[in-house]
Amino acid sequence: MRRRDMQTNAELAHCDTAPIHIPGSIQPHGLLLVADPATLRVEGGAGRIEDRLTDNWLGADLSILLSLPIPALVTEPTGTENPLVVIGAVEGRHEMFLATAHLSRTEDVGHSSGAPKLIVELEPQRVEVLPAHTVLAALERTEATFARHTRLETLADAAAQEFRNITGYGRVMIYQFLEDGTGKVIAEAKEDALRSFLNHHFPASDIPRQARELYVRNRVRVIPDASYYPEQLRGNNPALSKLDLSDCTLRSVAPVHLTYLANMGVRASASVSIVRDGQLWGMVACHHTEPKPIPLGARLAARTLAGSFARQVAAMEEARTYRERINQRNAQDSILRDLTGAQDLQTLLARSGSVLRKVIAADGLIVLRGDANVFSDGVTPSRDHIRKIIDWAGGFQSLAAVHTDRLSEQLPAAADCREIASGLLYTRVNLEQPMHFLWLRAERLQSIEWAGNPHKDAGGDPQAALTPRASFEAWAETVRGRSEDWSRGQVEAATRISKAVAEAHQHLRTRALNAELTKALHDNQLLLQQKDEVLDEANHRIQNSLALVGSFLRMQLRASDGRSAQEVISEAQRRISAIGLVHRRLHQPDSAQRVDLARYLQELMDDMLNSVDPIWQDQVVLDLSPIDVASEIAVGVGLIVNELITNAEKYAYDGRPGPIEVSLHPNGDGFDLTVADRGIGKSDCVRGGGFGTTLMQAMIQRIDATLSETDNKPGLRVKISV
């Protein structure tokens, strides 16, 4: 076999502009035959056919040559994507091949495609084929594993390991494409001796546009030996030089890609496309330091799992967007309820403007009517900068909302305020005077670690030839002027809220006049009656809660076991705060009977995390679905969560910060609350056993719940079902 170093620099320079789907050559580990689908006469081929199959192949009948019938499925165009059909095993001179077939076309000048051609690929069968039921069982198991994950990080980690099990390659990476075209390795499974590319970024030029299009069409690509020299197509038909090999497994790849792999120290490579909604979301990139083929069965299994991975990613993103919409809808409803007491727009925003900012997770909010500043909250730029931003964003009149996470790159005039306004979400509502809403996010310095310097030797000529980087050593770059990106749910919520506030402003004066005209004694008496009922209800619940506080203080005093008074008081304060938080929620409008458990737990966790080491704030992950419950249920759940988080802090990580996940989801007529850690697990440590455990058991009985504990591998997962 001839070596890769025989390639010339001219070949490398040509490969970025050459049509890579018609290379006119294949990889030499297999054989390729091209036949007329009507007559089945072989018109051409590639590879060492004479040495490995037969001498008299050109012009032969394909079915006789292979000693196999050719299914009609691959000889008749379907009008859609040509399916891959497995023909069967073919005996060569010294080895067995597996033959697959599909239809292709030749490109004619002035036409999109020419006459169809039947392409047959023969790959050596070097490994024993697993039974179908074994493969299907493994796929079902892996898909079930994917379905259990609710976070992209853990899903990608599991996927990297599963793809490594399938391919047997030394390093497998899950590679996600970002909005700017660059890529990032979000998960990796590898041999210990190989270097890691985890969290490394790769420039968009590493995978050119035409290559990305091929990855969507042909979703599994394997290079068993990257040091190969291609085998050219041969035959009597001149059109073979333009044969479309897009769907061929054996298609020879661009020379620059082989040089790229050589520079990485990779001898064998495989890629599996992750396609979501017809777009290339990412790839499974596999590397090996020695030549290594992947049989057809493993390739098909990998493609199936990539589809499962893409579907799970889509489901996770849709679920997150749905939860965002629900939470933001609740906030919007709360704001609209507040309109009943507002006399004008300033009063409304003074009461709810901070909520408007926080529900979109912004650092600053500005509302203007015409040129007048009606309201601002958080950190905001100067008036001059605001005017320039509005003028720029107003140029996108066809858009319901304008948003960016890199404002200073798109509006250089905003560079002076990028520290406080690198992210912008802008909406406009046209009234007698237009109303402008600007949600702003502060700059977040990003340290991006690249696999090699992406800017090295980069020239300004867009027509310059593509050349691979010679080094992939980590190269760090600090990126300024960017903020956290806006999610789809946040953009939708900003559009809805701005319209709702503007419409409320239109009706405020009319509503105020109507309120004055409709004042009457009956209404006053009704209002007093309602207030009395609310006060009676609140008094009843406060008395019950005070009794509960007194009971567990007496119990805690008996269970103190000589601990310091400060420690005992601290625990009591935390539990009393959990009860007090419910009563703060009960004093919100329309909340005399019910409490939004998700919002209550969010505020409870905020209070708890503000009283501990700040490092804990990055370790606790919340996944909470909005659920309305009675205040008694909320008190019990709050005390249970308080005890579970305290136990995890004390026993799972021995007081040191560690990951904790809290999830709340409806289940039939009730709900499930789960608290999970990744600590030492229950088998190695007895958690609690004192007053906290007694209190938690009492609360479980009080709210008629059940508690179950399972191994979180590692750590402990506790589920409360109500």
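Arg678 is partly exposed in this predicted model, because its relative accessible area of 42% is neither under 20% (buried) nor over 50% (exposed). Arg678 sits in the loop that joins strand S26 (670-677) to helix H17 (691-702). S26 itself belongs to an open sheet of 5 strands.

**Surroundings of Arg678**
- Apart from neighbours within four places in sequence, Arg678 is in contact with Tyr653, Pro659, Asn712, Lys713, Pro714 and Gly715.
- Ala648 is 30 residues from Arg678 in sequence, and their C-alpha atoms are 9.3 Å apart in space.

**The sheet**
- The strand order is S23-S25-S26-S28-S27, with mixed pairing.
- Strand S23 (620-624) and strand S27 (706-711) are the edge strands, each pairing on one side only.
- From one strand to the next, the twist averages 15 degrees.
- S23 pairs with strand S25 (residues 660-667) in the parallel sense, over 5 bridges.
- Val621 stands opposite Glu661, a residue of S25.

**Helices on the sheet**
- Helix H15 (residues 597-609) lies across S23, S25 and S26, and runs at about 170 degrees to S23.
- Helix H16 (residues 631-652) packs on the sheet and touches S25, S26 and strand S28 (716-721).
- The direction of H16 makes about 15 degrees with that of S26.

Definitions and conventions. Residues are numbered from 1 along each chain as its sequence is written. This is a predicted model: local features need pLDDT of at least 70, side-chain atom pairs count only at pLDDT 80 or more; totals for chains, interfaces and linings use all residues. Side-chain values use heavy atoms; hydrogens and water are left out. Helices (H or I, at least four residues) and strands (E, at least two) are DSSP runs, numbered from the N terminus. Buried means under 20% relative accessible area, exposed over 50%, partly exposed in between (1.4 Å probe, protein chains only). Contact means heavy atoms within 4.5 Å. Two strands pair if DSSP finds at least two bridges between them. Axes are lines fitted to C-alpha atoms, for helices over the stretch in contact, and angles run from 0 to 180 degrees between N-to-C directions.
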